[in-house]
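I opened the notebook to record what I looked up in this structure, entry by entry.

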Amino acid sequence: MNNILNLRKSQLIGVLALLVFFSCVPIQQAVRQENKTVPQHYLNEAKDSVNTAAVPWKSFFKDPKLVALIDTALANNQELQIMLQQIAIANNEVSVRKGEYLPFVNAYAGAEVEKVGEYTRAGAVEQNLDIRDGEEFPEPLTDFSVGLAVSWELDVWKKLRNGKKAAVLEYLSTVEGKNFMITNIVSEIANSYYELLALDNQLSIIEQNLKIQNNALKMVKLQKQAARATQLAVRRFEAEVFKNQSNKFEIQQHITEVENKINFLLGRYPQPIDRNSNDFIERPITAIAAGIPSQLLENRPDIKQAEYELEASKLNVKIAKANFYPSIGIQAGVGLQAFKTKYLTHTPESLLYSLAGDIVSPLINRNAIKAEYRNANKKQLQAVFEYEKAILNGYLEVSNTLSNIQNLKANYDLKAKQVEAMTDAIDLSIQLFKSARAEYTEVLLTQREALDSKLEIIETKKDQFLAHIKMYQALGGGWK
């Protein structure tokens with residue numbers, strides 16, 4: 001008897017040793033750690049921690065009509081609603097992963113009827129064996145059972161718990177993805193809104209210029225009647241009027257397209273956009289505080305999203321590594337079973353129970369597990385590069401926009417002086433033409449240049465608004 005026990009012990013030890021041997025994990029490839037280092041400050045900017053990204057978007061945008069549009073978009077935008085459903089799915093996935101490392105308990109109830117052949121092993125046993133003295137097996141034989149079944153995989157290698165943690169990180173990543181989408185929606189609506197104001201003002205400038213050109217055309221016609229101008233001059237002035245009338249229709253079409261773009265973002269069919277364009281040029285532009293570059297890691301949703309995905313990829317490597325190790329499972333059951341329902345409550349005769357444990361480890365053909373492990377390492381490396389790319393992209397966006405804001409300010413100041421000079425030049429050219437001291441071509445050229453300068457300063461003002469919106473978004477504002 002002792003020899004048999006010793007033999008069984010040696011066999012068990014041999015099996016365990018074999019499982020450990022085949023559970024060896026391939027050497028993990030070195031994964032480079034992420035680099036979070038950023039410059040201490042932006043170029044030509046003081047090191048100040050005050051950051052406009054902390055300002056809620058409702059406080060950043062001063063136009064109440066723009067705020068109302070953004071509010072509507074955040075409630076109705078279809079893309080945002082799709083993202084919210086994705087967040088709910090990720091949240092449910094956390095519950096799924098959490099349940100995997102807890103015991104599974106199932107209740108069961110069953111009934112069956114069976115007739116075995118007489119010339120079989122089971123039939124021969126029933127023929128020669130009584131249930132009790134003088135009581136044969138019923139034919140056909142019924143069977144009724146109720147009970148509980150329990151199964152539980154012991155999470156020794158933390159594969160299931162790491163899976164749950166990875167699901168939590170993926171959920172947090174989708175939340176940051178939603179925040180990043182909000183910043184994009186807010187900035188896109190604001191950009192389109194200010195583009196619409198600029199187009200309204202450009203349309204107004206063209207209409208004002210058409211009045212000036214029509215007056216100039218009448219003047220040239222009078223000059224022709226007095227033999228002081230030619231038909232060529234009349235036709236040139238008429239062509240200039242036709243040209244600006246054509247430009248008017250182009251701007252009107254552009255206004256319609258921008259309005260519909262805003263309506264699409266708001267999740268509604270085309271309708272006029274409520275706005276006030278009268279004071280566009282005079283509107284002040286909110287100052288921006290850039291803060292310090294390290295704040296980007298906390299404020300920008302796309303960087304935080306990449307960080308969560310990186311942490312999840314690290315856990316996925318651990319999960320893939322745990323697939324090489326033996327899995328340990330426990331199965332248990334307890335219930336009642338009898339061939340008649342009235343005997344189900346007769347205990348302990350109808351009582352049944354079981355308890356079993358097993359260890360399973362992959363031995364042969366582990367190529368799929370190895371490939372999955374190598375892929376997990378490569379995906380982690382990809383996540384490192386994605387995270388570093390997000391940080392670098394954020395810094396460059398802020399740096400470029402800071403430079404753009406400074407250059408646009410200088411550009412606008414010069415444009416304002418140009419508009420002032422060209423406005424005075426229009427009156428001078430007409431006076432000189434009336435006194436025959438200037439050619440009609442000078443009048444035409446002056447009017448054209450004056451119109452271009454007014455349109456350009458409106459475009460520059462619009463670019464200033466867009467640059468400040470871009471700066472606010474680049475710093476990580478717009479989602480709070």
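How far apart do the C-alpha centres of domain 1 and domain 2 lie? I find them 72 Å apart. I note at the outset that this is a predicted model, in which local features need pLDDT of at least 70 and side-chain atom pairs count only at pLDDT 80 or more, while totals for chains, interfaces and linings use all residues. I number residues from 1 along each chain as its sequence is written, and the side-chain values use heavy atoms, with hydrogens and water left out.

**Entry: the two domains**

I looked up the division of the chain and found domain 1 (26–102 + 157–326 + 368–475) and domain 2 (106–154 + 328–360), with bounds that come from an automatic or database domain assignment. Six residues of domain 1 are in contact with five residues of domain 2, where contact means heavy atoms within 4.5 Å. Between them the two domains bury about 390 Å², 52% of it on carbon and sulfur atoms; buried area is the accessible area (1.4 Å probe) that two parts lose on being put together, summed over both. On the side of domain 1, I noted that Leu102, Leu160 and Pro326 lose the most area to domain 2, together 68% of what that side buries.

I then looked for polar links between the domains. I counted zero salt bridges between domain 1 and domain 2, taking a salt bridge as a side-chain nitrogen of Lys or Arg within 4 Å of a carboxyl oxygen of Asp or Glu. By class, the side of domain 1 that touches domain 2 has five nonpolar, no polar and one charged residues, with Ala, Val, Leu, Ile, Met, Phe, Trp, Tyr, Cys and Pro counted as nonpolar, Asp, Glu, Lys and Arg as charged, and the others, Gly among them, as polar.

**Entry: Asn323**

I placed Asn323 in the loop between helix H9 (301–322) and strand E5 (327–338); helices (H or I, at least four residues) and strands (E, at least two) are DSSP runs, numbered from the N terminus. Is Asn323 buried or exposed? Asn323 counts as buried because its relative accessibility is 18%, given that buried means under 20% relative accessible area, exposed over 50%, and partly exposed in between (1.4 Å probe, protein chains only). Not counting residues up to four places away in sequence, Asn323 touches Lys159, Pro362, Ile369 and Glu372, and a polar contact of 3.4 Å joins its side chain to that of Lys159. I also noted that the C-alpha atoms of Asn323 and Lys370, 47 residues apart along the chain, are separated by 9.2 Å.

**Entry: salt bridges**

The structure holds 24 salt bridges, and I looked up some of them. The side chains of Lys248 and Glu207 meet in a salt bridge at 3.7 Å, N to O. Lys248 lies in helix H7 (residues 231–265) and Glu207 in helix H6 (residues 159–225), so this pair ties together parts that are 41 residues apart in sequence. Lys248 is partly exposed, with a relative accessible area of 23%, and Glu207 is partly exposed at 33%.

Glu311 forms a salt bridge with Lys314, the closest N and O atoms being 3.5 Å apart. Because they are three residues apart in helix H9, Glu311 and Lys314 are separated by about one helical turn.

For the salt bridge of Glu386 with Lys389, I found the closest N and O atoms 3.5 Å apart. Both residues lie in helix H10 (residues 367–434), three residues apart, about one turn of the helix. Glu386 counts as partly exposed at 43% relative accessibility, whereas Lys389 counts as exposed at 52%. I also recorded that salt bridges that share partners join Arg300, Asp302, Glu397 and Lys470 into one network.

**Entry: Lys462**

I found Lys462 in helix H11 (residues 440–474). Lys462 counts as buried because its relative accessibility is 11%. Leaving aside its neighbours within four places in sequence, Lys462 is in contact with Tyr194, Glu195, Ala198 and Phe280.

How values were computed:
Polar contact = N/O pair within 3.5 Å; in protein donor to acceptor, adjacent residues only side chain to side chain.
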